[in-house]
Amino acid sequence: MGVRLSRPHPSLDFPSSQHLVNCHLFPREFSIVTTLKVSLVAPKVRKNEYIFSVNSNSQGRLLIGLRFSRDRLHFLFRGRSEGVMARWVFRGIELADDRWHTLVLAFSGHYATLTVDCNTHLELVHSKSLPSDLSIQGSRFHIGSRGRWNGLFSGLIRQLVLVPGSDATPRVCPSSNPGLAELSVPAVLLDLPQKETRSDLTLPSYESEVRVSVGLEKSCSSSVRGQLWFNPIRRALYLCDGTLWVPMLQESQRLDYVLEQQILSTSSETYDIEVFSVQGLGLMAAMAHRSPSLGSAVYLWRDGGFHLYQKISTHGALSWRHFTMGKKIFLVVSNSRESTGKEETVEKDELSVIYRWNKKTQRFVHYQALQTHCARDWEAFRIQGHTYLAVANHRQGNTNHTIDSVVYKWDRGTQLFVPHQALRTSGAYDWEAFTVGPYHFLAVANAFDGQTTHVDSVIYVWVDGSFRLFQTIKTFCATDWEMFQIGSRVFLVVANGHQLHGNGPGRYAINSTIYELDMSSQLFLRFQDIVTYSAVDWEFFTVGEESYLVVANSFDGESHSLNSIIYRWQGYEGFVPIHRLPTIGCSDWEFFTSGEDSYLIYSSATAPLSKVFRLKTH
């Protein structure tokens, strides 16, 4: 069931400002999702049938249009030269077969792709890109026409959605019925029987008249059944089914800009933040402070900010890791006090400690100490019902970087962690545990072998009760791995710190790299390089249906005061920068949510402060 037109109608014609609120320029990166059906018996001329168009209100000239013909689609837009229309043509697509077809068109700069029924994929590279200054102020959208008799679409339209971002394909595909893949089809259209209609009816077959009301509130009853309501604040279009308003089109949440929420003064520089939740109390943040005399601290989230909750004695803490076993809550700290030249003192101070949450005192208490060597990171994970901890031992003494890092296993008899497996590492900086289907992986970021930062980092896979080599990847002072998934795609991104060999000069502006798991070769392959500045952390997060990465840039060779950057996933373009956040010696990013709001917090390794940012969405 869909909309059939016999003449242009005011209900399918509306100002652009109702959809693109406070936006006078048409976006350069967007997708169009439409489902349509075209009869086998085509009109004599099918060259100028418009699925939609945007016309200037003053002169009525075409600004943007999606035009249909028997075996091709035309996307038209007004170029930079006054009066000149540019055209992108997708050829060789057979749509006039009296069947439903779902099309996804994605546009970004000079690139455009068309996906038909989650299968056929066409890509165009055009010499002319959609201009970034295409003004739509005072313009109007026309659905199924050009706003006049000439150009009226003769088929059925089931959905037509304008989506922010340059690739909406993962939002509708895969689909069990790709010809009817749904992104924004109202439920009332899915099962309502068709009514007999007159030949001159210009509106949907499920109702003899459709009106669009605009406002913040509107009641739905049997008397307004089939009518539309547009809410300009939510930017959502609803259809009344006689009782409830059914969403037809509602813009998904998307990161708009970033606001500074809190500047948190800390007792000393902070290398790492671990944000977690404790039932009954709420969000907490464990901060790894550099100062051995002042120790580290746990903060509690209250009234839109973090406040000191508990001090914990640590020795040059570099990281915290939170994990649970049943109802038991634990924190483990990486102690790595810098060497004083007295190895016995170093050994004593490098006992990393596991703390357990005490429900009675509402505090973390000492539980178990483990011998570590300049530990940089802990990773907790579960395999086949067992809990494991992996420590990244960075170096033993001042010079020995090629040493064993250790995987510990929880012993249910002794109620302690015991060594399970030793893995040879080179200046290990970070562990990342993740699963893909039935397989368990553990990736180590190797930073330095005593001579060079040009060392291999290693990905291990769990086989028969222990980790075995899966893949080695050349890295440059790797400081962090972050695994994330977008749809069914699996990625690993590495933070490369700097290039250094022997006594030569170091390079801090280098590529960090995103790798994607290739199922056919069963390897992680290079997907995208991103220039970073002594990167020490990546954090992946989502807002609504959008995916983001933020990098901790810490040093450019001259200064610790530089921008850390938020990148947004753009489909085939990969990640593109969208926000630059001024940071000082940024050492870690953590994403968290509280209520309906989303936040980022960063720590500084060169200043006694951390900052919380609130993510504004639209």
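1. A quick term before we start: a residue is called buried when its relative accessible area is under 20%. Phe381 comes out at 10% relative accessibility, so Phe381 counts as buried. Keep in mind that this is a predicted model.

2. Tyr388 goes along with Phe381, and the two form a stacked aromatic pair. Their ring centres are 5.6 Å apart, with 10° between the planes. Tyr388 has 2% relative accessibility, so this residue is buried too.

3. Now for the wider picture. A pair of aromatic rings is described by how far apart the centres are and by the angle of the planes. Searching the whole structure turns up 49 aromatic pairs.

4. Have a look at Trp301 and Phe592 while you're there. Their ring centres sit 5.1 Å apart and the planes meet at 75°, so this pair is edge-to-face. Trp301 belongs to strand S20 (residues 296-302), while Phe592 belongs to strand S42 (residues 586-594), so the pair ties together parts that are 291 residues apart in sequence. Trp301 and Phe592 are both buried.

5. Finally, a couple of charges over rings. Arg158 places its charged end over the ring of Trp100, 5.8 Å from the centre of that ring. Over the face of Tyr309 you'll find Arg363, at 4.3 Å from the ring centre.

Conventions
Residues are numbered from 1 along each chain as its sequence is written. This is a predicted model: local features need pLDDT of at least 70, side-chain atom pairs count only at pLDDT 80 or more; totals for chains, interfaces and linings use all residues. Side-chain values use heavy atoms; hydrogens and water are left out. Rings of Phe, Tyr and Trp (its six-membered ring) pair if their centres lie within 6.5 Å; planes under 30 degrees apart count as stacked, over 60 as edge-to-face and the rest as tilted. Helices (H or I, at least four residues) and strands (E, at least two) are DSSP runs, numbered from the N terminus. Buried means under 20% relative accessible area, exposed over 50%, partly exposed in between (1.4 Å probe, protein chains only). A charge sits over a ring if NZ of Lys or CZ of Arg is within 6 Å of the ring centre and within 35 degrees of the ring normal.
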